[in-house]
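Trainee: I am new to this structure. Please show me how to read its features.

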Amino acid sequence: MVTSEFQRARRPEHKEQRREAILAAARRLATRDGVRVVSLGDIAAEVGVHKSALLRYFETREEIYLRLTAECWAEWAGALRAELPAAESAPAAVAAVITRTLVERPLFCDLLTHAPLSLERHVSMESVRAYKVGAIERVNEISGLLGDALPGLGVDGGRKAVTAVTAFAATLWQVSHPPETLAAFYAEEPEFGHSVLDFAARLEELTAAVLAGLVQG
């Protein structure tokens, strides 16, 4: 239990350490259980404090996960920056890199669904502004990386690709990772199991098709 030390944080660096501890706990829980089921109380218990202590550092549970979404955007951009220059300049090859870097980031795929549906809707204007500015910077960076990786795509085509790919990832992740009750239903009624898609295979297929279409168009 770290309650007393947590509550006594006064120096800026100590407060930042507390924020990072909260974010790390929220990341662990959401990666294990899924974003939708993690409550503020769950995060507080994981850190070892009462949930009121968390509200000294974040205004809501949604702000915590919006911060993590911003971090995930930056991490994905970094992965693409490292891997795309070595990829063959072909839609299929670039799609393989995009897919691999998203499969390696399951929390990001989950957050891509929740950010527009709930996280952005339950925070202050200041928080949503900070998130949007950072996310748009990452989108612009990734658009440029894709434009460089595929001649003929350009930054505008790259931006369209990012929009499509993240929409695919958000939807396909939820469909391919059903909640416990739905998974049990599919197990009992296998004829409905076709609804559970192979996330990586379908994402790569759709991403390659979009990239090819944008390059040719």
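Mentor: Start with a term: a nonpolar core is a set of buried Ala, Val, Leu, Ile, Met, Phe, Trp, Tyr and Cys residues joined through side-chain atoms within 4.5 Å. Buried means under 20% relative accessible area, exposed over 50%, and partly exposed in between, with a 1.4 Å probe and protein chains only. This is a predicted model, where local features need pLDDT of at least 70, side-chain atom pairs count only at pLDDT 80 or more, and totals for chains, interfaces and linings use all residues. Residues are numbered from 1 along each chain as its sequence is written, and side-chain values use heavy atoms, leaving out hydrogens and water.

Trainee: How many residues does the largest nonpolar core have?

Mentor: In soluble globular proteins, nonpolar side chains tend to be buried together. Here the largest core has 62 residues, and Ile43, Ile64 and Trp73 are among those with the most contacts inside it. Helix 5 (residues 61–83) gives the most to this core, nine residues; helices are DSSP runs of H or I, at least four residues, numbered from the N terminus. Domain 1 (1–58) and domain 2 (60–216) both contribute, so the core lies between them; the bounds come from an automatic or database domain assignment.

Trainee: Which residues is Ile64 in contact with?

Mentor: Contact means heavy atoms within 4.5 Å. Beyond its neighbours within four places in sequence, Ile64 is in contact with residues including Ile22, Leu40 and Phe58.

Trainee: Is Glu62 buried or exposed?

Mentor: Glu62, in helix 5, counts as buried because its relative accessibility is 16%.

Definitions and conventions:
Helices (H or I, at least four residues) and strands (E, at least two) are DSSP runs, numbered from the N terminus.
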